[in-house]
Amino acid sequence: MSDTSAATQTPQRDDSAEVTPYDMIGGEAAVRALTDRFYDLMDLEPRFAELRAMHPEDMAGARDNLFWFLSGWLGGPQLFVERKGHPMLRRRHMPFSIGEKERDQWVQCMVQAMEEEGIDEAIRTRLAVSFFQTADFMRNREG
């Protein structure tokens, strides 16, 4: 599977609507808050310990990268592409051992962050499916 697979595409939306998922969740401030809550939960919740262990002690760079990526992935400004080029998600994640447990922790952490940030249930459900597909695409080992 190439780095241009469906896993790196924006979540599907109704083409008759002009509003993107980025807009639906509240734009830049909401994406930043979601990203920050995601990383805060990773630090706070013991159930995300393996996920946290994959990150450096100072996660400021990871926070920025995810915020930039999510902005574009959700249909907003292509901040990641402007700063770093194509996301190449799978290639960028190859140095990390990612199996089902790490995938599931990432998705659970993001779902909890979306819930706590008050993202509408309908968009949260849709995004959770897309997040799972993308996280599953990052797996590079069995189990």
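Predicted model: local features only at pLDDT ≥ 70, side-chain atom pairs only at ≥ 80, totals over all residues.
Biologist: What about contacts between residues at least 6 apart in sequence, what share join residues at least 24 apart?
Modeller: That share is 73% in the protein chain.

Biologist: Let's go to H4. How many of its residues are buried?
Modeller: 10 of the 14 residues of H4 are buried, so H4 is largely enclosed by the rest of the structure. Among the buried ones are Leu66, Phe67, Trp68, Phe69 and Trp73.

Biologist: What covers them?
Modeller: The cover over the buried residues of H4 includes H1, H2, H5, H6, H7 and H8.

Biologist: And how far does H4 reach from its first C-alpha to its last?
Modeller: H4 reaches 20 Å, close to the 20 Å expected at 1.5 Å a residue. Just after H4 comes Gly75, with a positive phi of about 100 degrees.

Biologist: There's an arginine in H4, Arg63. Buried or exposed?
Modeller: Arg63 is buried, because its relative accessible area is 17% and the cut-off for buried is under 20%.

Biologist: Which residues is Arg63 in contact with, leaving aside its neighbours within four places in sequence?
Modeller: Arg32, Thr35, Asp36, Tyr39 and Asp40. As for Arg37, its C-alpha is separated from that of Arg63 by 9.9 Å, and the two residues are 26 apart along the chain.

Biologist: Thr35 is on that list. Where is Thr35 found, and how accessible is it?
Modeller: Thr35 is found in helix H2, and at 0% relative accessibility it counts as buried. Apart from neighbours within four places in sequence, Thr35 is in contact with Arg63, Leu66, Phe67 and Leu70.

Biologist: Stay on H2 then. What span should its residues have, and what do the end C-alpha atoms say?
Modeller: H2 runs over residues 27-44, and at 1.5 Å a residue its 18 residues should span 26 Å. The end C-alpha atoms are 26 Å apart, which agrees.

Biologist: Which residues of H2 are buried?
Modeller: Gly27, Ala30, Val31, Leu34, Thr35, Phe38, Tyr39, Leu41 and Met42. They cover an arc of only 165 degrees around the axis, which puts them on the same side of H2.

Biologist: Why does a helix do that with residues a few places apart?
Modeller: An α-helix has 3.6 residues a turn, so residues three or four places apart point the same way.

Biologist: What does the face turned away from the buried side of H2 carry?
Modeller: Exposed residues: Glu28, Ala29 and Leu44. The buried residues of H2, for their part, pack against H1, H3, H4 and H7.

Biologist: Switching topic: what volume does the largest pocket have?
Modeller: About 670 Å³. The elements that give two or more residues to its lining are H4, H6, H7 and H8.

Biologist: Which of those gives the most?
Modeller: H4 does, with six residues.

Biologist: And which lining residues lie nearest the centre of the pocket?
Modeller: Tyr39, His55, Leu66, His93 and Trp106, out of a lining of 25 residues. By class the lining has 18 nonpolar, four polar and three charged residues.

Biologist: What about H8, which of its residues are buried?
Modeller: The buried residues of H8 include Ile123, Arg124, Leu127, Phe131 and Phe137. Their cover includes H1, H4, H6 and H7.

Biologist: Where is Met88 found?
Modeller: In the loop between H5 and H6. Met88 is partly exposed there, with a relative accessible area of 24%.

Technical notes: Residues numbered from 1 in each chain as written. Heavy atoms only, no water. Helix = DSSP H or I, 4+ residues; strand = E, 2+ residues; numbered from the N terminus. Expected span 1.5 Å × (residues − 1). Buried < 20%, exposed > 50% of the residue type's maximum accessible area, 1.4 Å probe, protein only. Arc of directions from axis to C-beta. Contact = heavy atoms within 4.5 Å. 1 Å grid on protein atoms, 1.4 Å probe; cavity = no way out; pocket = protein on both sides within 12 Å on 5 of 7 lines; lining within 4 Å. Points joined across faces, edges and corners; volume = space filled by probe spheres on them. Nonpolar A, V, L, I, M, F, W, Y, C, P; charged D, E, K, R; others polar.
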